[in-house]
Amino acid sequence: MASNKASRDGEKIWKTNIDKVNAELVTLTYGTIVAQLCSDFNSQYAEVNKQLDKMGYNIGMRLIEDFFAKSGLQRCGNFRETAETISKIGFKMFLNITPAVTNWSADNKSFSLIFDENPLADFVELPNDGRAQDELWFSNIFCGIIRGALEMVQMQVEAHYVSDVLRGNDTTEMRITLLRYMEDELPPDDE
């Protein structure tokens, strides 16, 4: 899928097929969830990151069905096409943002998403406890969403943040690496 076509498709779907929700409501609700997790886990940010990833993974496993239903798209032919679809259609459909796809590895199994904007991070200040700036990945739910969604289309990936403007970095960058294409497998314990 050509990058320009993906951009046009994402814009069209955003304008015609998506019910809109107030962005500030989403931002404030998500911020409350992160704050509650920080409280529940006594500011053990590594555990908060795991919980956000787990929540996102569960969301992603269900969100992919909505993505296919509303976009009318089929599975992508390769990982490059998948990256463009995530950026220009997936993020556009659900958040009205389009992160840039860049920094491809030589083997085309790893790329970065660079976020010029992140609606989850609006109005956010990380706790000033001397640790959050180094340990908390505030938008880690996105990593889980991507992992869960791609797993449902037989791609096992690793997704993690490399940098975040909330931590004082110049950019917010997520790195996504294809670990393997999965065969149609039954979940463990199923026969």
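Predicted model: local features only at pLDDT ≥ 70, side-chain atom pairs only at ≥ 80, totals over all residues.
**Two helix contacts made by α6**

The crossing of α4 and α6 is right-handed.

Two packed helices are described by the angle between their axes and the distance between the axes. For helix α4, which spans residues 79-95, the axis comes within 13 Å of that of α6, and the two cross at roughly 120°. Angles of 65 to 115 degrees count as roughly perpendicular and those over 145 as roughly antiparallel; α4 and α6 are therefore oblique to each other. On the α4 side, the residues in contact are Thr82, Ile86, Phe91 and Leu95, and they meet Phe142, Ile146 and Leu150 of α6.

Helix α3 covers residues 45-71 and helix α6 residues 141-152; their axes come within 6 Å and cross at roughly 40°. That angle makes α3 oblique to α6. Here too the handedness can be stated: α3 passes α6 in a right-handed crossing.

From α3, the contact draws on Leu52, Asp53, Met55, Gly56, Tyr57, Ile59, Gly60, Met61, Leu63 and Ile64. Their partners in α6 are Ile141, Cys143, Gly144, Ile145, Arg147, Gly148, Ala149, Glu151 and Met152. The residues of this contact divide into twelve nonpolar, four polar and three charged.

How values were computed: Residues numbered from 1 in each chain as written. Heavy atoms only, no water. Axes fitted to C-alpha atoms, helices over the stretch in contact; angles between N-to-C directions. Helix = DSSP H or I, 4+ residues; strand = E, 2+ residues; numbered from the N terminus. Parallel < 35°, antiparallel > 145°, perpendicular 65-115°, else oblique. Left-handed = near helix turned anticlockwise from the far one by under 90°. Contact = heavy atoms within 4.5 Å. Nonpolar A, V, L, I, M, F, W, Y, C, P; charged D, E, K, R; others polar.
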